[in-house]
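Dear colleague,

Please find below the structure that I am handing over to you. My findings follow it.

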Amino acid sequence: MKYRIYKFRFTTGVHFGKKSLEDTGFVLCADTLFSALCQEYCKKGSEILEQFVLKARRGDILISDAFPYIGTTCYLPKPILKIDRKNDQGDSTLKKAYKKLSYVPVDQLQSYIRGTLDVKKELNRFTEELGHATTRSVAAVRGLKDPEPYRIGIYCFQPGSGLYCIVGAENREDLQEIENCLSDMGLSGIGGKRSAGLGRYDLFSENVSKNLEENLMRTNFSVNMALSICLPQEEEMEKAVSGASYLLQKRSGFVASDNYSIEQRRKKDLFVFKAGSCFQNWFQGDVYDVSEGGNHAVYRYAKPLFMGVIV
């Protein structure tokens, strides 16, 4: 498996939806990236799309969630593990900092696991230097006699900050094709409200560091962290959850296809493990069909990209 890092330097604000239109964040899950890639592959023809989906189902292509970076520092999700905090000693502000911290620098991951990371310092830097959320007032005009104003949530990354994902592929041709698609997607944007000019970015690629690549490829770790939302197949579930520490996340939304149905239709809800969930046992997961009564399949990516965190 060959791995590559792809950085998104956003030239506009982004809207990654939450429960309401006015809410937004900077979290971009692997299934959203995969769906956007499927739309790009679909432009090349249905057979090429199906080949892409098949390779993903086989595990020949793996995609992580998109995680933050600040300058040259890349972050990973906080492992969902019980941490023996060496410097806690009843400090309530430190306990709150541990709870608020969602991401840790790649090169400080082991310090976090050992309980020696300066959590307050990392949390302050992350909060101050990544970006900020705001709202924008816009007007809906389509199909209305008079414009109807509403507000949307927008996240704005600070200069030098953004998101990155890790992509793995069995051959360099697939990796290059994915890179081309990710680059093309930057012109139209990713996430919600792209028609309003949101989610546009420039793409940059980097090699995966040697240490990170080793942790992605080795299979002899006692604890492995998922770097993507994921869901075991039914026959894998019992073994997957044995000894695991995880959080669940509901994935839903509307189908982004003009020929799926006459009216806008929702995808089937799917509950998945969040990135950062930790497992003793590897599993394959799948690309699930979440269509419901439409004219074609709708794919929800839920394959794990594992990284060893404890030998």
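F306 is buried, at 3% relative accessibility; buried means under 20% relative accessible area, exposed over 50% and partly exposed in between, with a 1.4 Å probe and protein chains only. Please note that this is a predicted model, in which local features need pLDDT of at least 70 and side-chain atom pairs count only at pLDDT 80 or more, while totals for chains, interfaces and linings use all residues. Residues are numbered from 1 along each chain as its sequence is written, and side-chain values use heavy atoms, with hydrogens and water left out.

The whole structure holds 24 aromatic pairs, that is, rings of Phe, Tyr and Trp (its six-membered ring) whose centres lie within 6.5 Å; planes under 30 degrees apart count as stacked, over 60 as edge-to-face and the rest as tilted. Y155 and F157 form an edge-to-face pair, 5.0 Å centre to centre with 65° between the planes. Y155 is buried at 7% relative accessibility, and F157 is buried at 13%. W282 and F306 form a tilted pair, with 5.2 Å between centres and 45° between planes. W282 is partly exposed, with a relative accessible area of 39%.

One aromatic cluster includes F8, F10, Y155 and F157.

H15 is also buried, with a relative accessible area of 6%. The backbone oxygen of G153 lies 2.6 Å from a polar atom of the H15 side chain. H15 and R4 are 11 residues apart in sequence, yet their C-alpha atoms are 25 Å apart in space.

Yours sincerely

How values were computed
Polar contact = N/O pair within 3.5 Å; in protein donor to acceptor, adjacent residues only side chain to side chain.
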